[in-house]
Number of protein chains: 2
Amino acid sequence: MTTDTKQRILAAARRMVQARGYNALSFRDIAKEVGIKSAGVHHHFPTKGDLGAALARQYTEEAVTLLHDLLERFDNEQLTLERYASIFRSALVQDNRMCLCGIMAAEHHDLPADVRVEVDRFTEVNVDWLCKVLSFREDGRDAESIKRLALAIFAAIEGAQLVARGRGDVSVFDDTVQAYRSAGLFA
Amino acid sequence: MTTDTKQRILAAARRMVQARGYNALSFRDIAKEVGIKSAGVHHHFPTKGDLGAALARQYTEEAVTLLHDLLERFDNEQLTLERYASIFRSALVQDNRMCLCGIMAAEHHDLPADVRVEVDRFTEVNVDWLCKVLSFREDGRDAESIKRLALAIFAAIEGAQLVARGRGDVSVFDDTVQAYRSAGLFA
DNA sequence: ACCTGAACACCGTTCAAGT
DNA sequence: ACCTGAACACCGTTCAAGT
């Protein structure tokens, strides 16, 4: 049994959104890629909002397991955060794509409510994970201060990805993350 | 003599892009706001790319003079960077809008070449300005290190804006910038 | 359950035509 | 120079109909 239509729709849609955003997501383009008609796509995802929400949900789920694995083989903060940054880097390398939730955050105004919920959850998952990584430190930081720093690291990496993508140049991402490190934003 | 149609088109378009992005920019919506037909908008800006480029050019020009004034009344680094951050903050406060070039960076794939050029120039203007601010420091940093830090500060602030907008919460921006400061990314 | 064909009201864009 | 009306090929979406 081959991968079913629903999964192929999700895969095609994911690639489109990471490359061109939620607004540029087209049922007709998806249909062309999958080999059915656009009305057929609607059978699996009644509205564009349903597709977007499913997309973001799946994306966040994958992030959860990926980050879980990364935390399991935690050795030290620097290497772990380097691996974390390299996840965002790899999106840029793949045809200058962006984090699905990063690009969707920019389109906040056009997102249906249930898509927004998933975008928020992605941020939460990342911030919570970064909190865990940072709590390995022994600098007696309180939980609130850790949470703010975690949010800052997440925002900084999203920003590095956004600016590097705008320039169409991965080395901008590398330089920026390097500067974050030497400035002391993270280990 | 009142403001002419061309300027009113640019003003309406600016508001739309900062709220919903380049892709969501609609000639028919602009026409409705200005009080003419969509074909009339094309008389002033032949293509959507022409309008986008003019928009980004005007936006960057305004940034140039704004940043110039900010540098003229430079007193110390911390206050100057606080004023700088507050520019990006004010966009969020105005109906959760974004930096025009930030949101356009996310749409990089869909931008015509001449729009991309302007988005790049905005980044350059900001980075160059930050370099000047940072060069007031007396820590004997070389030019390359200053430039990387300037790029990092710009990317970090864009990221803070992006994430805060995604959550629809200005306080996320404030917390993040505060964390950048305590982490030592900037004074 | 899964998909198509045809229709709806929208796009950006073009172009001939009006003033 | 400035704008309109009408047309073009596109959208997302709906829905009745086919298998």
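Predicted model: local features only at pLDDT ≥ 70, side-chain atom pairs only at ≥ 80, totals over all residues.
Begin by selecting B:T123, which is found in helix α7 of chain B, residues 113–134. With a relative accessibility of 6%, B:T123 counts as buried. Beyond its sequence neighbours up to four places away, B:T123 touches A:V163, A:R167 and B:F154.

Side chains of opposite charge can pair when their charged atoms come close. Select A:R83 and A:D75, whose side chains meet in a salt bridge at 3.0 Å, N to O. A:R83 is buried, at 18% relative accessible area, whereas A:D75 is partly exposed at 43%.

Then select A:E82 and A:R181, which form a salt bridge at 3.9 Å, N to O. This pair links distant parts of the chain, 99 residues apart: A:E82 belongs to helix α5 (residues 77–93) and A:R181 to helix α9 (residues 170–183) of chain A. A:E82 is partly exposed at 33% relative accessibility, while A:R181 is buried at 19%.

Move to chain B and select B:D174 and B:R89, joined by a salt bridge at 2.8 Å, N to O. B:D174 lies in helix α9 and B:R89 in helix α5 of chain B, so the pair ties together parts that are 85 residues apart in sequence.

Return to chain A for A:R57, A:E61, A:E118 and A:R121, which are linked in a network of salt bridges.

Finally, select A:D142, A:E144, B:D169 and B:D175, which form a negative surface patch. Of these, A:D142 lies in the loop between α7 and α8 of chain A and is partly exposed, at 48% relative accessibility.

How values were computed
Residues numbered from 1 in each chain as written. Chains lettered and ligands numbered in written order. Heavy atoms only, no water. Helix = DSSP H or I, 4+ residues; strand = E, 2+ residues; numbered from the N terminus. Buried < 20%, exposed > 50% of the residue type's maximum accessible area, 1.4 Å probe, protein only. Contact = heavy atoms within 4.5 Å. Patch = residues over 30% accessible without salt bridge, like charges linked within 9 Å, V, L, I, M, F, W, Y side chains within 5 Å. Areas by Shrake-Rupley, 256 points an atom, 1.4 Å probe, with all protein chains shown as cover. Salt bridge = Lys/Arg side-chain N within 4 Å of Asp/Glu carboxyl O. Lys, Arg positive; Asp, Glu negative; His and termini not counted. Charge placed at Lys NZ, Arg CZ, Asp CG, Glu CD.
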